[in-house]
Amino acid sequence: MNIRAAVPSDSAGILKVTREAFTLYHDELHADYVVGGLVETEEDILSDIMNHHVYVAESDGEIVGSIRFTELTPDLAYIYRFGVSPAINNTGIGSHLLSTVIDECRKSNFKAIALHTNARYYKLARYYYGKHFYVHSTSTDKGYIRALFVLELTGDTDYDITPAFSK
């Protein structure tokens, strides 16, 4: 397995794995709302590759996972569209992707990383707790109970979390 920064030619592979991962998420939750990962386009992914941070996991030349993050403030990064092919879930690839982002955020001197997930998706909540994220707050602004998870990277808790609320 290889983890690397995404390049524009990865957009189709990222779209494929994102659709697979978010279809599983949608189906397991019996979601009756629009799941953003299922409606994005290759153009959206290309924009993310050019304007934000996108990493992929490859196995035998095939993209099997991806994760994205963006800078919300000089102190706060935000993870989004994190997914691994359901065919290889629970093999550690997601943990390697997440660790890569955490390492990059530390190198960039972020104080914290935030992300949202459905609060009712026990598997993901447990996963993020296991990675030392905590639930900062919840909201229903997207039509379901969203948990805002935060990972503090330094002992300095003087950062503004509010930019993550609108993500």
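Begin by selecting Ile 67, Phe 69, Ile 79, Leu 97, Cys 105, Ile 113 and Phe 133, the residues with the most contacts inside the largest nonpolar core, which has 25 residues. A nonpolar core here is a set of buried Ala, Val, Leu, Ile, Met, Phe, Trp, Tyr and Cys residues joined through side-chain atoms within 4.5 Å; buried means under 20% relative accessible area, exposed over 50% and partly exposed in between, with a 1.4 Å probe and protein chains only. At least two residues of this core come from each of S2, S3, S4, helix H3 (93-107), S5, H4 and strand S7 (146-152). Helix H3 gives the most, with six residues. Helices (H or I, at least four residues) and strands (E, at least two) are DSSP runs, numbered from the N terminus.

The model is predicted: local features need pLDDT of at least 70, side-chain atom pairs count only at pLDDT 80 or more, and totals for chains, interfaces and linings use all residues. Residues are numbered from 1 along each chain as its sequence is written, and side-chain values use heavy atoms, with hydrogens and water left out.

Next, centre on Cys 105. Not counting residues up to four places away in sequence, Cys 105 touches Phe 69, Ala 77, Phe 110, Ile 113 and Leu 153, where contact means heavy atoms within 4.5 Å. A second, separate core of ten residues includes Tyr 78, Tyr 80, Val 150 and Ala 164.

Now select helix H1 (residues 11-29). Among the buried residues of H1 are Ile 14, Leu 15, Phe 22 and Tyr 25. Their cover includes helix H2 (42-51), strand S3 (62-73) and helix H4 (122-130). Just after H1, His 30 takes a positive phi of about 50°.

Then show Phe 22, Tyr 25, Phe 82, Leu 124 and Tyr 128, which lie nearest the centre of the largest pocket among its 41 lining residues. On a 1 Å grid over the protein atoms alone, a pocket is an open set of points where a 1.4 Å probe fits, with protein on both sides within 12 Å along at least five of seven lines; lining residues have an atom within 4 Å of a point. S4 gives the most to this lining, with seven residues.

Finish at His 96 in helix H3, which counts as partly exposed because its relative accessibility is 44%. Leaving aside neighbours within four places in sequence, His 96 is in contact with Met 1 and Ile 3.
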